[in-house]
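Trainee: I would like to go through the labels used for this model and ask what stands behind each one.
Mentor: Go ahead; the structure comes first.

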Amino acid sequence: MLLQGALFDLDGVLVSTDEYHYRSWKKMTEEEGIAFDRKVNHRLRGVSRLESLNIILEEAGVEVPEEKKSALTDRKNAYYRELLKDLTPDSTLPGAREMLTALGERGVKIAVASSSKNARTIVAQIGIEDMLDAIVDGTEIERSKPDPEVFLKAAERVGLTPSQCVVIEDAEAGIEAAKAAGMKFVGIGTPEGLPNAEGRVVASLAEISPDALLQ
Ligand code: B16
Ligand code: MG
């Protein structure tokens with residue numbers, strides 16, 4: 001029996017906004033004299049904005065009073081939203097658009113399940129709204145990945161049970177969330193970058209067929 005729902009993470013799976021996140025965190029941390037590199041950035045995949053800042057500060061050994069944190073995350077988000085203006089339909093990652101089309105033709109329910117509060121802007125910029133049955137984003141959840149909340153909400157939104165859904169994720173936190181939700185999963189990236197995906201990893205959506213994804 002093939003699965004009936006595909007729940008896609010957004011950043012790093014359908015579109016490479018992960019690079020924009022890196023560049024905007026880098027700009028803000030450089031201005032503040034806070035150490036930050038790509039290795040730390042990898043830990044931010046799928047993690048909420050405030051939690052991302054906390055990870056950066058912890059890695060850099062810097063303490064910032066709670067009340068000052070929102071000024072830093074707001075500034076990072078302003079830089080990030082400026083970069084988002086460059087997104088076009090051509091910005092979708094290899095195989096993403098083809099996969100959404102093929103799944104839609106098979107009658108599979110498709111949702112975007114993202115920790116990002118900017119997810120709806122991104123979806124609109126890359127022009128995939130019409131291919132989706134639901135979007136659950138960072139504004140609708142209380143607990144970000146690895147908590148399963150975003151995926152459970154997305155399954156509910158498309159009228160399916162967790163066991164009928166596959167999650168497609170580029171983040172360790174997202175794979176953890178899929179497992180906690182009781183869903184199948186496919187990792188996008190490398191087996192080393194996603195150790196908890198237990199080898200169920202492909203480099204991009206161009207490397208897997210719709211049927212293989214649904215098995
Ligand atoms: P925002 P995803 C996540 O999106 C990103 O991977 C993560 O790096 C980011 O911190 C998070 O969204 C919050 O994003 O600042 O736009 O609300 O991978 O879950 O689609
Ligand atoms: Mg992601």
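Mentor: A helix here is a DSSP run of H or I with at least four residues, numbered from the N terminus. E149 is placed in helix α7. Keep in mind that this is a predicted model.

Trainee: Why is E149 called buried?
Mentor: Buried means under 20% relative accessible area. E149 has 10%, so E149 is buried.

Trainee: How far is E149 from G199 in sequence and in space?
Mentor: The two are 50 residues apart in sequence, and their C-alpha atoms are 24 Å apart in space.

Trainee: Why does K69 count as buried?
Mentor: The relative accessibility of K69 is 7%, so K69 counts as buried under the 20% limit. K69 belongs to helix α4, residues 66-84.

Trainee: What makes the pair K69 and E66 a polar contact?
Mentor: The limit for a pair of N or O atoms is 3.5 Å. The side chains of K69 and E66 are joined at 2.8 Å, so the pair is within the limit.

Trainee: Why is A6 called buried?
Mentor: A6 has 0% relative accessibility and therefore counts as buried. A6 is in strand β1. Between the C-alpha atoms of A6 and Q164 there are 8.8 Å in space, against 158 residues in sequence.

Trainee: Why is the pair D9 and D170 said to tie together separate parts of the sequence?
Mentor: D9 is in the loop between β1 (5-8) and α1 (17-32), while D170 is in the loop between β4 (165-169) and α8 (172-181), so the pair ties together parts that are 161 residues apart in sequence. Both D9 and D170 are buried.

Trainee: Which residues come nearest to ligand 1?
Mentor: V47, R49, S116, K117 and N118, out of 17 residues around ligand 1.

Trainee: What polar pairs does ligand 1 make with D9, L10 and S116?
Mentor: A polar side-chain atom of S116 is 2.6 Å from an oxygen atom of ligand 1. For D9, an N or O atom of the side chain is 2.8 Å from a ligand 1 oxygen. For L10, a polar backbone atom is 3.3 Å from an oxygen of ligand 1. On its own, ligand 1 has 470 Å² of accessible area, and the protein covers 98% of that. Ligand 1 sits in the largest pocket.

Trainee: What is noted about the peptide bond between K145 and P146?
Mentor: The bond is cis, with omega about 15°. Most peptide bonds are trans. P146 lies in the loop between β3 (134-136) and α7 (149-157).

Trainee: What is noted about phi of E198?
Mentor: Phi of E198 is near 50°, a positive value in a residue other than glycine. Most residues other than glycine have a negative phi. E198 is in the loop between β5 (184-188) and β6 (201-202).

Trainee: Why is E198 called exposed?
Mentor: Exposed means over 50%. E198 is at 53% relative accessibility, so E198 counts as exposed.

How values were computed: Residues numbered from 1 in each chain as written. Chains lettered and ligands numbered in written order. Predicted model: local features only at pLDDT ≥ 70, side-chain atom pairs only at ≥ 80, totals over all residues. Heavy atoms only, no water. Helix = DSSP H or I, 4+ residues; strand = E, 2+ residues; numbered from the N terminus. Buried < 20%, exposed > 50% of the residue type's maximum accessible area, 1.4 Å probe, protein only. Near = heavy atom within 4 Å. Polar contact = N/O pair within 3.5 Å; in protein donor to acceptor, adjacent residues only side chain to side chain. Areas by Shrake-Rupley, 256 points an atom, 1.4 Å probe, with all protein chains shown as cover. 1 Å grid on protein atoms, 1.4 Å probe; cavity = no way out; pocket = protein on both sides within 12 Å on 5 of 7 lines; lining within 4 Å. Sits in = over half its atoms within 2 Å of the grid points.
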